[in-house]
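Here are some friendly notes to read with the model open beside you. Take the points one at a time and find each place as you go.

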Amino acid sequence: MKKCMKWFLLLPVLLLSSCAVFAPDDRDDLNKPMPQTFSLYDEEAPDPLNRWWETFESPELNAFVEEALTNSPSIQQAWARLAQAEAIAVQVGAARVPSVGYDGTASATRTGATDGTLENYSLGLNASYEVDLWGRVKSQTEAAALDRDASREQLNTAMITLTSQVGLRWIAILSQRLQLEVIHNQLKANETSMELIELRFRKSLSSALDVYQQRQTVAGTASVIPLAELREELLRNELAVLLGRADLQSLSITNGALPSIGALPAIGIPADVLANRPDVRQAGLQLQSADWSVSAARADRLPAIRLTASAGYASSDAADLFDDWIANLAGSLTGPIFDGGRRKAEVERTRAVVEERLGAYRATVINAVKEVEDALISEQKQRDYIDALDQRLEAARLSYGESINRYRNGLIEYTTVLIQLNTLQALERDRVAAQYDLLQYRINLYRALGGTWPNELTYSKNEDNQ
């Protein structure tokens, strides 16, 4: 009993000594140097909770996004990875508290010499605990918790990426439909022109070459239609897969026009973007986790103290089991003397992981700033391009109309008319594509700005599927 008292008197001393632990140093210069503003600077900070797809004011797109976030296999995999990381964090953190268990045995041995039976019964509790002198257990726990948080940010990144992919496929389908509409209108106009030219040919007002050239134009326009229809079907299949639908033919698109977009959203400063980008937060958390892993590896090179305790009952008669009891309290000190450099190599390995993740973090930060800059300048220049394209389109319509009048009056060959016609129709198709590109750049900007809205989502939506 006196020995037990000595252990209990020694325990507070050991616990106090655990204050001298290994811990990573703070990093204060991770984001230096960083630009103070973007090229298109807006003093207003972005809304971190903005659900960007709602700015398009399309119930159809809203429904598609919600379906994708619920049923997408890639998101379900990300949720599962998060659950694994949470379980690992619990497992590692369990080492910070004592482990308590129980055991019970009953045996009967019959001997031939005495022709009797020897019985033995026991029932007991046991506990063990590692005194975290150098912070090894704490460091492992912190690293696992940070890995869990990084897994959540990885999930958030997947959600933001998925919503942008859904939006891009949706507007691509609408754009392709508009392209088909333009092509069908052009084909109809070309067929009407061909009928008029054939009529003029029968009246000897045009040549056979004019007829052949117009027929070639009609055939060329008609040949584009199957490829445009193919492109739309492929986009529909891609969108259905993003929504998690196995029945690809079940997808129905009811919107008939591309959505309009307003002015640029609030951008804020680069620091705002870093705060709202889950991939940047993930890289930062992984770097912190690596720092704690170094601390754990360093602490593992020092001695460890483990305490064990047990108490129980034992008897050769079940009726007398609780009459005899035994208690035991023990401590052990273990530490490496020679391990062939294994623990030292582990410290070096974890430090190399830190350097790797530091480089990954900085690369992620630089890429985040680049993506915002790319999206901003792309949208600005695309608007300038559309303005110039509209001017070209108006000039092409006037040129085509003038060439038709001159041809009817016999002042020019039909080849000149065809050149103007082909130019006009190409510009009409380019105008639809340009509007799609503008919407694409806006969605890329929303994705580059990130957001914290994924934190509002939980896995409860999919519980019915479990």
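1. Start with Ser 204, which sits in the loop between helix 4 and helix 5 (208-242). Helices here are DSSP runs of H or I with at least four residues, strands are runs of E with at least two, and both are numbered from the N terminus. Phi of Ser 204 is near 65°, a positive value in a residue other than glycine. With a relative accessible area of 63%, Ser 204 is exposed (exposed means over 50%, buried under 20%, and partly exposed in between, with a 1.4 Å probe and protein chains only).

2. A word on the source: this is a predicted model, where local features need pLDDT of at least 70 and side-chain atom pairs count only at pLDDT 80 or more, while totals for chains, interfaces and linings use all residues. Residues are numbered from 1 along each chain as its sequence is written, and side-chain values use heavy atoms, with hydrogens and water left out.

3. Now look for Glu 57, in the loop between helix 1 (2-17) and helix 2 (59-71). Its phi is also positive, near 55°, and Glu 57 is not a glycine. Is Glu 57 buried or exposed? Glu 57 counts as exposed, at 70% relative accessibility.

4. Step back to the whole chain. There are nine helices and four strands, and from the N terminus on they run α-α-α-β-β-α-α-α-α-β-β-α-α. Of the 466 residues, 38% count as buried.

5. How do helix 3 (residues 73-93) and helix 4 (residues 136-202) pack, and at what angle? Their axes are 8 Å apart, at an angle of about 170° (axes are lines fitted to C-alpha atoms over the stretch in contact, and angles run from 0 to 180 degrees between N-to-C directions). The two helices are therefore roughly antiparallel to each other, a term for angles over 145 degrees. The residues of this contact divide into 14 nonpolar, five polar and five charged (nonpolar: Ala, Val, Leu, Ile, Met, Phe, Trp, Tyr, Cys and Pro; charged: Asp, Glu, Lys and Arg; polar: the others, Gly among them).

6. Finish with helix 8 (residues 342-408). Its 67 residues reach 92 Å from the first C-alpha to the last, close to the 99 Å expected at 1.5 Å a residue; the expected span is 1.5 Å times one less than the number of residues. Just after helix 8, Gly 410 takes a positive phi of about 75°.

How values were computed
Parallel < 35°, antiparallel > 145°, perpendicular 65-115°, else oblique.
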